[in-house]
Amino acid sequence: MENVYFDNSATTKLDEEVLKEMLPYLENNYGNASSIYKLGRESKKAIEDAREKIAKAINTEPNEIYFTAGGSESDNTVIRGVAYKYKNKGNRIITSKIEHPAVLETCKQLEKEGFEVIYLNVDNEGIVDIEELKNSINDRTILITIMFANNEIGTIEPIKEIGEIARKNNIIFHTDAVQAIGSVKIDVKEMNIDALSMSAHKFYGPKGIGALYIRKGVQFEKLINGGHQEKNKRAGTENVPAIVGMGKAIEMACTDIEEHSKKIKELRDYYLEEVQKRIPYIKINGSLEKRLPGNANISFRYIEGEGLLLNLDLKGICASSGSACTSGSLDPSHVLLAIGLPHEIAHGSLRISIGKYNTKEEVDYLLDNLEEIVKRLRDMSPLYEKVKKEGNLNV
C-alpha cells in the first residue's frame, strides 16, 4: 500500500463535502464580512450560519461561540483571558499533568507572571485524581482547566463530575475538547462546562480554524487588538472559507455520532486484540473503557519508538509516538511519564489513531508490518538480547 494513514489525532483528511462547501467562498463569494455591501453581507451570513452549527453541536447558543485560528489559540485565549480578568479575585489555576502543551505552556507562562498553578496527578490510566482536585480548591481559585480526552492515550476524563465541582465552588471550568469533538457527544449545559476549545482539522475540516465556547456571563480579556470582529474579542478579518468548512465539518461529524464512533471502535478493538496475539512484551496505555474510539497507544518493550516510526514510514504507514506538537522531541512523552511508565518503556510507544476513512485491510497491513518490524528491531537490540539471556523479559 502506498499511503496508509493512522495519525488522525494529529490531523484528519479534509472531507470532500467540506471542501465543496468552502469552494464558493474561495472563488466568488470573497467579500469581507465587515463590509456593508451585498458581497460582504453574504460572507457575514455564512459566518453566522457556521456559528449556529457549532453551537448546536455542543448544545449552546451562537452568541457564545468565538472563532479562532485553532485549538492552541482557543486554549490561550480562555486561560490567559480569564486569569487576567479575574486576577483581583484570585490567582490559583488548577490543571493536570497530562494536558496538551497549549495548556501547560500557557500555565507555565502565567506562573512567571505571579499566578499559582496546581498540576493534578493522574492514575495509571490517565484519569485525574478527583479527591486531589477537591483538596486543591481554595478561595483564591479562579479557573479549572482539564482536557476532555487526552491526545496521546485517548483517556476520557470525568468531565461532568469536574464541572459539578467547579460550579458548586463558583469556579470557571474550561475543557480542551480538541480531541473529543466529533468522537463523543458533548453537552456543555449538562456537563457544567463554562468554556471549551475545539479545532476543525481534528474532525475532517480545514486547518487553521478553531472555535472557543465561553458561557454567557464568563468574562475574559481579549488577547488580539485591532478591529471589532467576534464581538470585539478577537480582532482580524474573518477566514470565511475556513469558518464555512468548520461549520459543515462539525455538522457532519456530530450527525449519527454513535454509529460513526462504533465503526471506528470496532477497528481499534480488532487492532488491539491482534497486536496482543502477535507481539509479546507490550503494554496498552490509557483506559480501555473510558477511551476515545479511534485511539490505541501501545508501548513495545526493548525498542525505540523513533526507529519503529521510521520503519513504518518506509512501508507507507503514518503513525505517531506521541502528540504531534512534540514529535520533534526525543524526550519521552510527559503523558506516559505521568501515568507511571519508566523512561525506557515510554520511549518505545506507538500511537495509532483510526479515522472514518480507514479500513480493515489497512489495519491488517499495519499489523503484518508491525509484527515484522518489532521482531527485527528487537533482534538488533543489545538490551533485548541481555534480558532474554537472563530470563527477565517480563520485567
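These notebook entries record what I looked up in the structure.

**Basis**

I worked from a predicted model, in which local features need pLDDT of at least 70 and side-chain atom pairs count only at pLDDT 80 or more, while totals for chains, interfaces and linings use all residues. Residues are numbered from 1 along each chain as its sequence is written, and side-chain values use heavy atoms, with hydrogens and water left out.

**Entry 1: salt bridges**

I took a salt bridge as a side-chain nitrogen of Lys or Arg within 4 Å of a carboxyl oxygen of Asp or Glu. Searching the whole structure, I found 28 salt bridges.

I looked up Arg-351, which forms a salt bridge with Asp-7, with the closest N and O atoms 3.0 Å apart. This pair links distant parts of the chain, 344 residues apart: Arg-351 is in strand β12 (residues 349–353), and Asp-7 is in the loop between β1 (4–5) and α1 (16–27). Helices (H or I, at least four residues) and strands (E, at least two) are DSSP runs, numbered from the N terminus. I noted that Arg-351 and Asp-7 are both buried; buried means under 20% relative accessible area, exposed over 50%, and partly exposed in between (1.4 Å probe, protein chains only).

I then turned to Glu-113 and Arg-80, whose salt bridge has its closest N and O atoms 3.8 Å apart. Glu-113 lies in the loop between α4 (101–112) and β4 (116–120), and Arg-80 lies in helix α3 (residues 71–85), 33 residues apart. I recorded a relative accessible area of 36% for Glu-113, which is partly exposed, and of 18% for Arg-80, which is buried.

In helix α9 (residues 257–278) I examined Lys-277 and Glu-273, which are 4 residues apart and so separated by about one helical turn. Their side chains meet in a salt bridge of 3.4 Å, N to O. Lys-277 is exposed at 58%, and Glu-273 is partly exposed at 44%. I also traced a network of salt bridges that links Glu-273, Glu-274, Lys-277, Arg-278, Asp-368 and Glu-371.

**Entry 2: strand β8**

I found 5 of the 5 residues of strand β8 (residues 210–214) buried. Gly-210, Leu-212 and Ile-214 are on one side, and Ala-211 and Tyr-213 are on the other.

I checked the pairing, for which DSSP must find at least two bridges between two strands. Strand β2 (residues 65–68) runs antiparallel to β8 and is joined to it by 4 bridges; Phe-67 stands opposite Ala-211. Strand β7 (residues 195–199) is also antiparallel to β8, with 5 bridges, and Ser-199 stands opposite Gly-210.

**Entry 3: nonpolar cores**

A nonpolar core is a set of buried Ala, Val, Leu, Ile, Met, Phe, Trp, Tyr and Cys residues joined through side-chain atoms within 4.5 Å. I found that the largest has 64 residues, with Ile-144, Phe-148, Ile-186 and Ile-193 making the most contacts inside it. Helix α8 (residues 240–253) gives the most to this core, with 8 residues. Apart from it lies another core, of 28 residues, among them Val-4, Ile-264, Ile-317 and Ile-373.

**Entry 4: helix α4**

I noted that Ala-102, Val-103, Leu-104, Thr-106, Cys-107 and Leu-110 are buried in α4. The buried residues of α4 pack against elements including α3, β3 (92–96) and β5 (141–145), where contact means heavy atoms within 4.5 Å. I recorded that Gly-114, which follows α4, has a positive phi, near 105°.
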